[in-house]
Amino acid sequence: MVTTVPLLNPIDAHGETITALQIRPPVGMQIRLCGCIYKIIQREDEDSVFDINRAAVGRYIVALADIPSSSVDLLSLADFDTAQDAILAFFNSGKQAKQTVRADRKVTLLNAIQVEGKPAIIELQFGELLGRHLRKAGDAYRRDEKPDGRTVIEIDATAIASYIEQLTGMPAAVVDQISAPDWEVAQAMVLSFFSTAAALRSTRPTQSTAITNLPATSAAV
């Protein structure tokens, strides 16, 4: 459903004065191109906090309201924030219905994907993440170390799209149709592979410990 955002301060777009933005719901294609709308801020000895990626919001306004970036540049802070809230609502629209990441690696879609000539897709089945997937998609996160000690972490939406394609076997044209709330769950599934791997690494004995615990006969060899 398209959301209408009345503007307190009208702007020019496409040679006309507009008094409201018509913002349509984002799907996978816009998410892949515009990027993750959240970023994570880390400071040493402090809890991580989520923040809004304002640059990504600006790209979403361009893509979803069909106005040029030069028109987005004219938005007042109040109007930008109202448009931002409308976009965030699309991602949070299925929040109450969202499932946790399931052990069977299935994601039941809140919004079925229609494919011409085929049954609607109502579920995504994820396979195991392997080296070949990592080599093709690359890092799921981008880290930026700031001079003031902050670390800004952004999820790479392009990499997430590649992982969804590879792990579910779905073509890019299908992944590009995933609704925003379903993307959030699919993204959580992808990121769960990395968090599980990190947890396993933390329990692995160090090299020195492993050598110390070798049987004497093996150590002699």
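Leaving out neighbours within four places in sequence, Gln84 is in contact with Ile52, Arg54 and Val57, where contact means heavy atoms within 4.5 Å. This is a predicted model, in which local features need pLDDT of at least 70 and side-chain atom pairs count only at pLDDT 80 or more, while totals for chains, interfaces and linings use all residues. Residues are numbered from 1 along each chain as its sequence is written, and side-chain values use heavy atoms, with hydrogens and water left out.

**Exercise 1. State which helix holds Gln84, and whether Gln84 is buried or exposed.**

Step 1. Gln84 lies in helix H4. Helices (H or I, at least four residues) and strands (E, at least two) are DSSP runs, numbered from the N terminus.

Step 2. The relative accessible area of Gln84 is 8%, so this residue is buried. The cut-offs are under 20% relative accessible area for buried and over 50% for exposed, with partly exposed in between (1.4 Å probe, protein chains only).

**Exercise 2. Describe the aromatic pairs of the structure.**

Step 1. There are 2 aromatic pairs. Rings of Phe, Tyr and Trp (its six-membered ring) pair if their centres lie within 6.5 Å; planes under 30 degrees apart count as stacked, over 60 as edge-to-face and the rest as tilted.

Step 2. Tyr60 and Phe91 pair edge-to-face, at 5.8 Å centre to centre and with 85 degrees between the planes. Tyr60 belongs to helix H2 (residues 54-65) and Phe91 to helix H4 (residues 77-92), so the pair ties together parts that are 31 residues apart in sequence. Tyr60 is buried at 0% relative accessibility, and Phe91 is buried at 2%.

Step 3. Tyr163 and Phe194 also form an edge-to-face pair, with 5.7 Å centre to centre and 75 degrees between the planes. Tyr163 is in helix H6 (residues 157-168) and Phe194 in helix H8 (residues 180-203), so this pair ties together parts that are 31 residues apart in sequence. Tyr163 is buried at 0% relative accessibility, whereas Phe194 is partly exposed at 24%.

**Exercise 3. Work out how H6 and H8 pack.**

Step 1. The angle between H6 and H8 is about 85 degrees, and their axes are 10 Å apart. Axes are lines fitted to C-alpha atoms, for helices over the stretch in contact, and angles run from 0 to 180 degrees between N-to-C directions.

Step 2. H6 and H8 are therefore roughly perpendicular to each other. Angles of 65 to 115 degrees count as roughly perpendicular, under 35 as roughly parallel, over 145 as roughly antiparallel and the rest as oblique.

Step 3. Residues of H6 that meet H8 include Ile160, Tyr163 and Leu167, and their partners in H8 include Trp183, Gln187 and Phe194. By class, this contact has 12 nonpolar, 1 polar and no charged residues. Ala, Val, Leu, Ile, Met, Phe, Trp, Tyr, Cys and Pro count as nonpolar, Asp, Glu, Lys and Arg as charged, and the others, Gly among them, as polar.

**Exercise 4. Locate the salt bridge of Asp176 and Arg32.**

Step 1. The whole structure has 8 salt bridges, each a side-chain nitrogen of Lys or Arg within 4 Å of a carboxyl oxygen of Asp or Glu.

Step 2. In the salt bridge of Asp176 with Arg32, the closest N and O atoms are 2.9 Å apart. Asp176 sits in the loop between helix H7 (172-175) and H8, and Arg32 in helix H1 (residues 28-34), 144 residues apart.

Step 3. Asp176 is buried at 15% relative accessible area, while Arg32 is partly exposed at 24%.
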